[in-house]
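Please read the following report with the sequence and the model side by side, and look up each residue as it is named.

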Amino acid sequence: MGRMAACRRRMGVAWLCALIVAALLPTGEVRAEPPRPPGIRILVVKTEAEARDAIAAYNAGTPFDQLVRERSIGPERERGGFLGRLNPASLSPQARALVAKTARGRLTPIFRTENGFAVIQVVTSAEEQELEAREKREPEARELLQRGSQLGQAGDLEGAQSLLRQAIQLNPDLVDAHFNLAIVHRRQGNLEAAIAAMRRVTQLYPDDFEAQMHLGAWLFERGRYPEASEAYERAATLQMGSREAWLKLAQAYEAAGKAKAAVGAYRQAITLQAGNDPALYEAWLRVALQAKDGPAAVAASRRFQALRPGHEGFLALGEALLLNGEAEAALQEYQKAVALSPSSAAAHSGLGAAYARVGQSEAAVEHFLRAVQLEPQNPAHYRTLARLYEGQGRLDLAIVALRDGASAAAASSPKLQAEVSEELAALYERAGMSREAALERLRVQSLRSR
């Protein structure tokens, strides 16, 4: 508003000078009033490549004012780069020449400035009039915003909603009105309306950390994890030192199935934590294992083990070491886990996997048999046991193990049942049992058609 007011004062002086000059002209000569300069928006970015990318986005349909809010480092970013009816004389000669050649509603070519590279949009007459009218309505809009906010604080949500909507009608770019309306909608239990209103805040002012955090939380609550990740990404970028932003981003990545990205986000949250949170290390380990990131898994498990030095800690470190290709070291950790908890199926299966990795198949079989005894409902133990027997050339025992595995999988999903049946059919074929293999293949087809 200060910039707009200054422009109007300069124009007033120019108009007075024009009257004085006209009075000195011979009688009967009338000097035409010079045309008013057009309103302009400006986008300034650091590199020419960024400027080209912005123009490409504009040509693809992104409004120019939105691009300015998201990308510009230039003036009036929060107003979409609108500089009003700026006096062309205040522009550089190059910019002035480009604006003079550009029709309303179009963009100038890219040109260099002291701060980088710029593009100017000469706004249409209709948009220019609307923006100027909006400026005149600004005091009334802000009064409605204040009154609506007060009603919201007092608990009158319906009254607050009405006044805030009126404020937005007068000035659709009034960020605080959209923000407060989003909060009102959330308190009313209208989550979709709250998301829509808060998203508008982030479009108008992408650097609003609080708005990005609210938006991320509400999208996460709705199960829209990729969108929540985008909001939290922006929040974490805005406040790199926010542990909460990085933690929420990690959780959103994990929920969205982006385990590799979650590994990095959890690591950043851990560096920012005040103390040592075992749950945070456990989450970091979990996504590292999902991402098959051995070094990260080992680092996470060692930190976790320091806080949980018992059976759980040995199991976690053993699994991480095995993933990282350190089978001998993993073997030692699993042996400690079995010694502490002999009735743990997870400890025996882990130790069996470590023995298999170092080539001791008999010891591996022994521990998987123990895992089956301790946890007979888990098909994974039977499948691994069958593979071990098959590797030893003992197809009869492999078939028996996998048949038991198929029975254990009966209560599982059709997808898992089909996987076990397909493995069993392959074993039957290797054993020359073609009839049994054909029947198992029919079972696979039936399961996959569900």
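Leu397 has its place in helix H20, where helices (H or I, at least four residues) and strands (E, at least two) are DSSP runs that are numbered from the N terminus. At 29% relative accessibility, Leu397 counts as partly exposed; here buried means under 20% relative accessible area, exposed means over 50%, and partly exposed lies in between, with a 1.4 Å probe and protein chains only. Leu397 and Ala386 are eleven residues apart along the chain, and their C-alpha atoms are separated by 7.2 Å.

This is a predicted model, in which local features need pLDDT of at least 70 and side-chain atom pairs count only at pLDDT 80 or more, while totals for chains, interfaces and linings use all residues. Residues are numbered from 1 along each chain as its sequence is written, and side-chain values use heavy atoms, with hydrogens and water left out.

**Two packed helices**

Two packed helices are described by the angle between their axes and the distance between the axes. Helix H19 (residues 379-391) and helix H20 (residues 395-408) pack at an angle of about 170 degrees, and their axes are 8 Å apart; the axes are lines fitted to C-alpha atoms, for helices over the stretch in contact, and the angles run from 0 to 180 degrees between N-to-C directions. That angle makes H19 roughly antiparallel to H20, since angles over 145 degrees count as roughly antiparallel, under 35 as roughly parallel, 65 to 115 as roughly perpendicular and the rest as oblique. On the H19 side the contact (heavy atoms within 4.5 Å) is made by Pro379, Tyr382, Arg383, Leu385, Ala386, Tyr389 and Glu390, and on the H20 side by Leu395, Leu397, Ala398, Ala401, Leu402, Asp404, Gly405 and Ala408. The residues of this contact divide into eleven nonpolar, one polar and three charged, where Ala, Val, Leu, Ile, Met, Phe, Trp, Tyr, Cys and Pro count as nonpolar, Asp, Glu, Lys and Arg as charged, and the others, Gly among them, as polar.

An α-helix has 3.6 residues a turn, so residues three or four places apart point the same way. In helix H4 (residues 93-100), Ala95, Leu98 and Val99 are buried. Seen down the axis of H4, these buried residues fall within an arc of 100 degrees, so they line one face of the helix; the arc is that of the directions from the helix axis to the C-beta atoms. Pro93 and Ala100, on the other side of H4, are exposed, while strand S3 (111-113) and strand S4 (116-122) are among the elements that cover the buried residues of H4.

Helix H10 (residues 225-238) has 14 residues and reaches 20 Å from its first C-alpha to its last, close to the 20 Å expected at 1.5 Å a residue, the expected span being 1.5 Å times one less than the number of residues. The buried residues in H10 are Ala228, Ser229, Ala231, Tyr232, Ala235 and Ala236. They cover an arc of only 165 degrees around the axis, which puts them on the same side of H10, whereas Glu230 and Thr237 are exposed on the other side. The cover over the buried residues of H10 includes helix H9 (209-221) and helix H11 (243-255).

H15 is followed by Gly325, whose phi is positive, near 85 degrees.

**Single residues**

His348 is found in helix H17 and is buried, with a relative accessible area of 7%. Leaving aside neighbours within four places in sequence, His348 is in contact with Val338, Pro342, His367, Arg370, Ala371 and Leu374.

Glu76 is found in the loop between helix H3 (64-71) and strand S2 (82-84), and Lys292 in the loop between H13 and H14.

| Residue | Relative accessibility |
|---|---|
| Lys292 | 63% |
| Ala306 | 64% |
| Ala126 | 56% |

Ala306 lies in helix H14, and the C-alpha atoms of Ala306 and Asn276, 30 residues apart in sequence, are 10.0 Å apart in space.
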